[in-house]
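Subject: Structure handover

Hi,

Here is the structure I promised to pass on. Please open it next to this message; my notes come after it.

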Amino acid sequence: MIVQRQVWHDYTKYLIADGYGSVQVELYEKEQNFGGTAFIYGLYVCPSYRGNHLGEALLDQAEFSAKHAGHKAVFLEWEEKDSPKWVLEWYMRLGYKEVKSDKQGCLLKKELK
């Protein structure tokens, strides 16, 4: 797994990837409009590798990067137009809780321990 750290003027981004999937997490010093300081997005696993725990490993690394940088929670969004319902259910099994929802999807949060 490759973890690339990019430092920008107002946040740090981690791009986490292997040959069959990737995820990104942005870390901010100040609370953002989503209600926190760490936001995970762009999780993708090639369809032929789904079900092999790669998505969980990528999320674990994104969460670890946030926790290691001092963040207490991470947020992510699930949108119905982009992801099937089983993805939302999978996030929930991994400890994410719904904090806000509308017709298009929901904002999820996971406390980092």
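Below is what I found, grouped by topic.

One caveat before the details: this is a predicted model.

Aromatic pairs

There are seven aromatic pairs in the structure. Two of them are described here. A pair of aromatic rings is described by the distance of the centres and the angle of the planes.

Take Tyr11 and Tyr28. Their ring centres are 5.4 Å apart and the planes meet at 35°, so this pair is tilted. The pair links distant parts of the chain. Tyr11 belongs to strand β2 (residues 11–18). Tyr28 is at 13% relative accessibility; the limit for buried is under 20%, so Tyr28 counts as buried.

Next, Phe34 and Phe39. Here the centres are 5.0 Å apart with the planes at 50°, so this pair is tilted too. Both Phe34 and Phe39 are buried. They also belong to one aromatic cluster, together with Tyr41 and Phe75.

Helix α2

Which residues of helix α2 (residues 85–93) are buried? They are Val87, Leu88, Trp90 and Tyr91. These cover an arc of only 160° around the axis, so they sit on the same side of α2. What covers them includes β4 (38–45), α1, β5 (73–79) and β7 (105–111). The face turned away from the buried side carries Lys85 and Arg93, which are exposed. After α2 comes Gly95, with a positive phi near 105°.

A buried Glu

Glu63 is worth a look in your viewer. Glu63 sits in helix α1 (residues 54–68). Is Glu63 buried or exposed? Its relative accessible area is 9%, and under 20% means buried, so Glu63 is buried. Leaving aside neighbours within four places in sequence, Glu63 is in contact with Ile40, Val74, Tyr96, Lys110 and Leu112.

His9

His9 lies in the loop between β1 (2–7) and β2. Its relative accessible area is 78%; exposed means over 50%, so His9 is exposed. How far apart are His9 and His53 in sequence and in space? They are 44 residues apart in sequence and 34 Å apart in space, C-alpha to C-alpha.

Best wishes

Definitions and conventions: Residues are numbered from 1 along each chain as its sequence is written. This is a predicted model: local features need pLDDT of at least 70, side-chain atom pairs count only at pLDDT 80 or more; totals for chains, interfaces and linings use all residues. Side-chain values use heavy atoms; hydrogens and water are left out. Helices (H or I, at least four residues) and strands (E, at least two) are DSSP runs, numbered from the N terminus. Buried means under 20% relative accessible area, exposed over 50%, partly exposed in between (1.4 Å probe, protein chains only). Contact means heavy atoms within 4.5 Å. Rings of Phe, Tyr and Trp (its six-membered ring) pair if their centres lie within 6.5 Å; planes under 30 degrees apart count as stacked, over 60 as edge-to-face and the rest as tilted. The arc is that of the directions from the helix axis to the C-beta atoms.
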